[in-house]
Amino acid sequence: MNTAVGRGEERILVLAPTLADATLTNSLLAKADFEYKICADLDELAAELSRGVAAVVVTEEALRGKIGVLIDALAQQPQWSDVPIVFLSRSGADSPAAVRAMELLGNVAILDRPVRIATLLGALKTAIRARQRQYELRDRIAALHRSEERF
């Protein structure tokens, strides 16, 4: 299950804990017409972050004991970048794992599992809009620098 669609800046990276979760997520995101990539493991997700991303979806189980890999990958992002992360938690937003994710990862939205489809899709649309604003700001800053270099 390794589906990649469209430009990197508009895609969602997904790290699901099981093949069944990856299959279900693949079906859901394809039906909703999102651009996405299902990552086989955290190392693949970390590598894909450097190729552009609109948002990341991870589960509590997928990060257990490996959150450092994602922290390191996020630290490699440009200074303007604040990648939105949708964190799916079976234990709720008050769980130690969710609290730790919010503290360490930054721009995190916690959703309780099982999650309603409309809730997940709404959270992803919101994350994508926020990320698009970041890319617009990046482009404006780059244009300003080019303009300054001409003078």
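I looked up burial for K37 and E44 first: both are buried. The two form a salt bridge, with the closest N and O atoms 3.3 Å apart. I note that this is a predicted model.

I then searched the whole structure for salt bridges and got eight. I checked the charge count as well: the chain carries 19 positive and 20 negative side chains, and the centres of the two sets are 4 Å apart.

Next I followed E61. Its side chain meets that of R90 in a salt bridge at 3.1 Å, N to O. R90 sits in the loop between β4 (85-89) and α5 (96-105) and E61 in helix α3 (residues 60-63), so this pair ties together parts 29 residues apart in sequence. E61 also forms a salt bridge with R113, where the closest N and O atoms are 2.6 Å apart. R113 lies in the loop between β5 (108-112) and α6 (117-150), 52 residues from E61.

Last, the fold. I counted six helices and five strands, in the order β-α-β-α-β-α-α-β-α-β-α from the N terminus. The radius of gyration is 16 Å, close to the 15 Å of the globule rule for 151 residues, so the chain is as compact as a globular protein of that length. I logged 43% of the 151 residues as buried.

Conventions. Residues are numbered from 1 along each chain as its sequence is written. This is a predicted model: local features need pLDDT of at least 70, side-chain atom pairs count only at pLDDT 80 or more; totals for chains, interfaces and linings use all residues. Side-chain values use heavy atoms; hydrogens and water are left out. Helices (H or I, at least four residues) and strands (E, at least two) are DSSP runs, numbered from the N terminus. The radius of gyration is taken over C-alpha atoms; the globule rule is 2.2 Å times the number of residues to the power 0.38. Buried means under 20% relative accessible area, exposed over 50%, partly exposed in between (1.4 Å probe, protein chains only). Lys and Arg count as positive and Asp and Glu as negative; His and the chain ends are not counted. The place of a charge is taken as NZ of Lys, CZ of Arg, CG of Asp or CD of Glu. A salt bridge is a side-chain nitrogen of Lys or Arg within 4 Å of a carboxyl oxygen of Asp or Glu.
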